[in-house]
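Subject: Structure handover

Hello,

Here is the structure we talked about handing over. My notes on it follow below.

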Amino acid sequence: MDIKYLQNHQIDKLKWDHCIAASVNGIVYAYSWYLDIVSEDWDALIDGDYDRVFPMPFKQKLGVQLIYQPFFTQQLGIISKSILTEDIVTKFLNAIPSKFKHVEINLNSYNKIDQSKFKVKTQLNHELDLINSYKNISKKYSENLKRKLKQTKKSGLFINPSTNPDEIIKLFNKNKGKALKHLRENDYIKLRRLIYFAIHRGSAQVYGVYNENNVLCAGGFFVLANQKMTFLFSGISVEGRDLNASAFLLDYVIQRNSGKHLTFDFEGSNNTGLARFYKSFGSEKTTYFKIVMNNLNLIYRIGMKLSRKYWINLRS
């Protein structure tokens, strides 16, 4: 292996994106255009002639450079054109430059790790193979989900496949967004850029769910890459929850894309309720690791904790 550290301006983005596209574990979050939008800055570790790559989004806080997980990226880690082993993953993690004093990042489900050497936390995800017919896929829906879908068909809900993404973001902000104080206006700007750029590339689907009075009550943004459709973002109103609009939406998207060589990625979740909901579609549970590497001295650790508390209080 020949792992090199490259700063962002040194990275050949064409070779980088070719690696992501040709890899055994390529994910949309790792493409250069995606990283350019969601992260403040990012460097990388690269093995060989872009045979394996490891994006490292970073920012500076209290004068310290930190590798972090940007919003709207569930997984990152090592992307490879060939099968990865624990030993390869270990070599990449050990090659992270010492200037990054704190690392807190999610690897991907193909990155197996020696848990005796690193501090990790297991994260949950759910995926559904769409290659089967909708008839066969829906047979595996839970009985509770089937009842909900029967109710929604009587409620007058309908889908608009060309809903304005801004309306879905507004719906999210008006409802769930109020409780998420860590999401700032700049994060919503990044989300808008991400959605519109993906639409421009032809790699996105946006759907809105409307009630019988033509009022938007739910919506979702789905991005496609590497034979995977990822449920990246959604918004829902109180009425939408009451009418089971999320189930109605996901069932519609699954039906529309069934029979294709695609995996539907629900993008979560460690939340017990959401995990149960995603499981009700017959999805399979997958796991990936969140890794933490802390090389800060004691003074900086205390400063980071105080800074985190300050920002939490400021946004509450």
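Contact here means heavy atoms within 4.5 Å. Please keep in mind that this is a predicted model.

Nonpolar cores

With neighbours within four places in sequence left aside, Leu 93 is in contact with Phe 54, Leu 107, Ile 113, Phe 118, Ile 291 and Met 293. Leu 93 belongs to the largest nonpolar core, which has 61 residues. The members that touch the most others in that core are Trp 16, Tyr 34, Leu 93 and Ile 96. A further core of 29 residues lies apart from it, and includes Ile 159, Tyr 207, Val 209 and Ala 247. As background, nonpolar side chains tend to be buried together in soluble globular proteins.

Second largest pocket

The second largest pocket holds about 440 Å³ of space. Its lining is made up of 24 residues, and those closest to the centre are Tyr 110, Glu 127, Asn 226, Lys 228 and Thr 263. Sorted by class, the lining has 13 polar, seven nonpolar and four charged residues.

Backbone

Asn 226, one of the residues closest to the pocket centre, has a phi near 55°, which is positive although the residue is not glycine. Asn 226 sits in the loop between strand E10 (216–225) and E11. Tyr 50 is another non-glycine residue with a positive phi, here near 60°. The loop that holds Tyr 50 runs between strand E2 (41–47) and strand E3 (52–61). Is Tyr 50 buried or exposed? Tyr 50 counts as buried, because its relative accessibility of 8% is under the 20% cut-off.

Cysteines

How many disulfides does a search of the whole structure find? The search finds zero. Cys 19 is buried, at 0% relative accessibility, and Cys 217 is buried as well, with a relative accessible area of 0%.

Lys 154

Lys 154 is part of helix H5, which spans residues 143–154. With a relative accessible area of 75%, Lys 154 is exposed, since the cut-off for that class is over 50%. Lys 154 and Leu 243 are 89 residues apart along the chain, and their C-alpha atoms are separated by 10.0 Å.

Regards

Key:
Residues are numbered from 1 along each chain as its sequence is written. This is a predicted model: local features need pLDDT of at least 70, side-chain atom pairs count only at pLDDT 80 or more; totals for chains, interfaces and linings use all residues. Side-chain values use heavy atoms; hydrogens and water are left out. A disulfide is a pair of cysteine sulfur atoms within 2.5 Å. Buried means under 20% relative accessible area, exposed over 50%, partly exposed in between (1.4 Å probe, protein chains only). On a 1 Å grid over the protein atoms alone, a cavity is a set of points where a 1.4 Å probe fits but cannot get out, and a pocket is an open set with protein on both sides within 12 Å along at least five of seven lines; lining residues have an atom within 4 Å of a point. Grid points are joined across faces, edges and corners, and a volume is the space filled by probe spheres set on the points. Ala, Val, Leu, Ile, Met, Phe, Trp, Tyr, Cys and Pro count as nonpolar, Asp, Glu, Lys and Arg as charged, and the others, Gly among them, as polar. A nonpolar core is a set of buried Ala, Val, Leu, Ile, Met, Phe, Trp, Tyr and Cys residues joined through side-chain atoms within 4.5 Å. Helices (H or I, at least four residues) and strands (E, at least two) are DSSP runs, numbered from the N terminus.
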